[in-house]
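Welcome to this guided tour. Please open the structure in your viewer and follow along, one selection at a time.

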Amino acid sequence: MSKFLNIFLPAASGTALALGLAFGLAGRDYNKSTIESLEIQLDQANARTSAAQNTSDAQNEVVQALQDRLTTVEANLAAAASQIGSVAEPAPLKADTYQIGRLALSEEIAAWDVDVLPDGRGLPVGSGDVFTGEEVFADQCAACHGDFAEGVDNWPVLAGGFDTLADEDPIKTVGSYWPHLSTVWDYINRSMPFGAAGTLTADETYAIVAYILYSNDMVDDDFVLSQENFADFEMHNKDGFVLDDRAETEYAAWRTEPCMKNCKEEVEVTMRSVFLVETPPEGGSNSVMNSATIDGLPSFSATGPAFIPAATVAPKAPAATKAIVEEVSAEDQEAQLIDDGKKVFKKCRACHEVGEGAKNGSGPHLNGIVGRTMGSVDGFKYSKVFAAALDDGLVWDDEALASFLEKPKSYMKGTKMAFSGLKKASDQQAVIEYLRTFGE
Ligand code: HEC
Ligand code: HEC
């Protein structure tokens, strides 16, 4: 390298001189950047020429096919537009201002422009009847929303709930709550079936919407929905929404100039967020951590114990504390566990009764469940998997109960117990101990 420089330096500086002169001269008409940009443009032109020469017949065919497709789409759009009425033209693009980008193809705009307005603008041409809708719905939607749009487990309910909107716990469904039919069409078209959005045809969507209306008792079974009768359809809750006028009402009343800096005169750290954690570390307790002060800041380690502040770990009379712990008898522990179990059972009470006179609810009564044959309560209609367990004579012992309660749906595939499970082993144990106190 240095050798190269030594040999060529004189020559190179000579060249630079000559170039400088050349630019100086050229500067009369062109500045340097103009020349450079002309050079770049020339290079690009050359590259384009050779690329063009390389363009194969196959590529030409692709271009032709795309153009044909575009023509068809444009024709369809024009037809659709004339059916629906005038759709506003997209604003002209400012391609010349920034010298970048290109005008979007009408095909591209059409792919994005899928919104449907309450008056039916934006709907594609098409139609669908209740009967077809029922079939598509059973295929594509019922797994989550139920055969009659009544909702499975916690998946959204799409039908019913009329006259509940003023209740404390209103059931907001398409039928009871949604003010415009266009939202139903638009939402389903964009986002359903969950996980396979965009796979429905326009006719299928019309049919499904017709079926959902039917499930809500809003149309008869021979109803056909199309872009023509769409806008005439009125939803129950069409007047239930009001324009947001808070800018004049509430907003003005609440509005004061917000403080953006130095809002508090004196700032003092009173608590560290680590002491406020919801979940105590293994063996730790919230109260211990919450009573820690910043003077006795704990040190932290991955293994844990040092997490509890030294100051509170070493109370004044450690021996006394220990003695109390030892005094807690096995009986007391048992009582504590049963008490905990009673709390856990709150999660079950909506469906299960225990104790004297316990009846079957949505689930069977649970008296004597520990040691009871699975699926054996008279008069309760169990699922198939429970019926099979009864036939096999399977019995609920502690272990089976714990596994079932941890993950009901995987332990008993096909169970109709709609409960997600008790994750914590301690909760499972506690509720089992509680249930054990109820004999036959
Ligand atoms: C895999 C389960 C699943 C399937 C299958 C499914 N959905 Fe949904 N659906 C959902 C979930 C989850 C939501 C709630 C989504 C949210 O709130 O973001 C929902 C919401 C909806 C809603 C809005 C409900 C409301 O009140 O907010 C409608 C309408 C709907 N789905 C219709 C359909 C239709 C029609 C199909 C069949 C073409 C379908 N869904 C298939 C899971 C599913
Ligand atoms: C949403 C209602 C619901 C909730 C909540 C619920 N269960 Fe169930 N449970 C059921 C139904 C329904 C069955 C019957 C299952 C079947 O037939 O598939 C059942 C069955 C059982 C069985 C088997 C009964 C037998 O006769 O074999 C046990 C045990 C049980 N539940 C315990 C619990 C416990 C404990 C909880 C709370 C932690 C709980 N369940 C929460 C509805 C519920």
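Start by selecting L70, which sits in helix α3 (residues 57-84); helices here are DSSP runs of H or I with at least four residues, strands are runs of E with at least two, and both are numbered from the N terminus. L70 is partly exposed, because 13 other C-beta atoms lie within 10 Å. On that scale, 20 or more other C-beta atoms within 10 Å of a residue's own make it buried, 12 or fewer make it exposed, and anything in between is partly exposed, with C-beta atoms placed from the backbone. Setting aside residues up to four places away in sequence, L70 touches L105 and E107; two residues are in contact if their C-beta atoms, placed from the backbone, lie within 7 Å.

Before the next stop, please note that this is a predicted model, in which local features need pLDDT of at least 70 and side-chain atom pairs count only at pLDDT 80 or more, while totals for chains, interfaces and linings use all residues. Residues are numbered from 1 along each chain as its sequence is written, and chains are lettered from A and ligands numbered from 1 in the order in which they are written.

**The whole protein**

Zoom out for a moment. The protein has 18 helices and two strands. Of its 440 residues, 16% are buried. Among contacts between residues at least 6 apart in sequence, 52% join residues at least 24 apart.

**Ligand 1**

Next, select ligand 1. Which residues are closest to it? They are C141, C144, M192, P193 and F194, out of 19 residues that surround this ligand; a residue counts as near a molecule if its C-beta atom, placed from the backbone, lies within 6 Å of it. The shell has 15 nonpolar, four polar and no charged residues. In this grouping, Ala, Val, Leu, Ile, Met, Phe, Trp, Tyr, Cys and Pro are nonpolar, Asp, Glu, Lys and Arg are charged, and the others, Gly among them, are polar.

Stay with P193, in the loop between α8 and α9. The peptide bond joining M192 and P193 is cis, with omega at about -5°.

**Two residues with positive phi**

Move to the loop between α7 and α8, where you will find A149 and D153. A149 is not a glycine, but it has a positive phi of about 65°. D153, also not a glycine, has a positive phi of about 45°. Are they buried or exposed? A149 counts as buried because it has 24 C-beta neighbours inside 10 Å, whereas D153 is exposed, with 11 other C-beta atoms within 10 Å.

**The nonpolar cores**

Now select V184, W185, I208, V209, A210, Y211 and I212, which have the most contacts inside the largest nonpolar core, a group of 28 residues. Such a core is a set of buried Ala, Val, Leu, Ile, Met, Phe, Trp, Tyr and Cys residues joined through C-beta atoms within 7 Å. Helices α6 (130-140), α8 and α9 (202-215) each supply at least two residues of this core, and α9 gives the most, with nine. Click on I208: leaving aside neighbours within four places in sequence, it is in contact with G133, V136, F137 and I188. A second, separate core has 16 residues, including A389, L405, M412 and L435.

**A buried loop residue**

Select M235, in the loop between β2 (224-226) and α10 (250-254). M235 is buried, because 22 other C-beta atoms lie within 10 Å. M235 touches W178, P179, H180 and L181, not counting residues up to four places away in sequence. The C-alpha atom of L213, 22 residues away along the chain, is separated from that of M235 by 9.5 Å.

**Ligand 2**

For the last stop, select ligand 2. How many residues surround it? The number is 27, and the closest are C348, C351, G363, S383 and M417. By class, this shell has 18 nonpolar, seven polar and two charged residues.
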